[in-house]
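Here is my note on the model, in numbered points. Please read it with the structure open beside you.

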Amino acid sequence: MDQAPLRTARLVGEPPADSDLPDLRAMFQHPDFAATMSADGAPWPEQRIGLFLERAWAHWTLYGFGSYVFRDQAGALVGYCGLRLTLLEGEPVVELLYGVAPAFHRQGHATEMAGALIADGETRLGVREIAAWTLPRNTGSQKVMQACGFTYERDITYADLPHVLYRRRG
């Protein structure tokens with residue numbers, strides 16, 4: 001993955017590397033992160049974290065874009081954010097995905113990361129429509145979507161769970 005870093009006012013994003021695993025593990029296994037990012041509210045098991053990284057690397061290899069791991073100027077892991085091709089209800093979509101380490105919640109980092117990925121997707125990749133979805137209880141994520149120009153479309157079932165679907169059309 002030879003991709004230039006993605007920079008924002010406060011953050012630097014790079015494709016995930018093996019060296020990110022300890023910080024990602026701490027984030028995914030933190031109870032506050034799991035409360036909104038896990039279907040059952042439980043911290044992610046080691047196997048799921050490994051699968052997340054494997055899929056992120058595979059997406060970069062196949063498509064030349066994907067998820068970035070974002071760090072602040074001091075090098076602390078703030079979170080991840082990316083665009084990926086996936087299926088939603090059997091149809092291909094470009095999905096915006098993101099997660100923020102609990103120490104950085106409610107500081108505008110998710111919106112900052114998402115804005116950078118949306119801009120990159122529209123300019124470098126020519127993406128004209130992006131979908132995002134979350135569990136209904138994750139109101140913080142819904143606020144990020146709205147701040148980034150996404151509009152609520154409808155309730156859906158994803159991974160056998162109720163979700164809310166938002167879309168952004170450029």
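**Notes on the predicted model**

1. Glu112 and Arg10 form a salt bridge, with their closest N and O atoms 2.6 Å apart. (A salt bridge is a side-chain nitrogen of Lys or Arg within 4 Å of a carboxyl oxygen of Asp or Glu.) The pair links distant parts of the chain, 102 residues apart. Glu112 sits in helix α4, and Arg10 in the loop between β1 (6-7) and β2 (11-14). (Helices, H or I of at least four residues, and strands, E of at least two, are DSSP runs numbered from the N terminus.) Glu112 is buried, at 16% relative accessible area, whereas Arg10 is partly exposed, at 33%. (Buried means under 20% relative accessible area, exposed over 50%, and partly exposed in between, with a 1.4 Å probe and protein chains only.)

2. A word on the ground rules. This is a predicted model, where local features need pLDDT of at least 70 and side-chain atom pairs count only at pLDDT 80 or more, while totals for chains, interfaces and linings use all residues. Residues are numbered from 1 along each chain as its sequence is written, and side-chain values use heavy atoms, with hydrogens and water left out.

3. How many salt bridges does the rule give? The count comes to 13. Arg25 pairs with Glu46, the closest N and O atoms being 2.8 Å apart. Arg25 is in helix α1 (residues 21-28) and Glu46 in helix α3 (residues 46-63), so the bridge ties together parts 21 residues apart in sequence. Both are partly exposed: Arg25 at 25%, Glu46 at 38%.

4. Look next at the network. Salt bridges link Glu89, Glu129, Glu153, Arg154, Arg167 and Arg169. Within it, Arg154 bridges to Glu153, with the closest N and O atoms 3.6 Å apart. Arg154 is partly exposed, at 32% relative accessible area. Glu153 is partly exposed too, at 29%.

5. The largest nonpolar core has 42 residues, and Phe28, Leu96 and Phe150 touch the most other members. (A nonpolar core is a set of buried Ala, Val, Leu, Ile, Met, Phe, Trp, Tyr and Cys residues joined through side-chain atoms within 4.5 Å.) Helix α4 (residues 109-123) gives the largest share of this core, six residues. Apart from it lies another core of six residues, including Leu88 and Ile156.

6. Which side of α5 do its buried residues take? In helix α5 (residues 139-147), Ser141, Gln142, Val144 and Met145 are buried. They cover an arc of only 155° around the axis, which puts them on the same side of α5. (The arc is that of the directions from the helix axis to the C-beta atoms.) The face turned away carries the exposed residues Lys143 and Ala147. The buried residues pack against β5 (91-100), α4, β6 (129-134) and β8 (161-169). After α5 comes Gly149, whose phi is positive, near 90°.

7. Phe150 deserves a look. Leaving aside neighbours within four places in sequence, Phe150 is in contact with residues including Leu96, Ile118, Met145 and Tyr166. (Contact means heavy atoms within 4.5 Å.)
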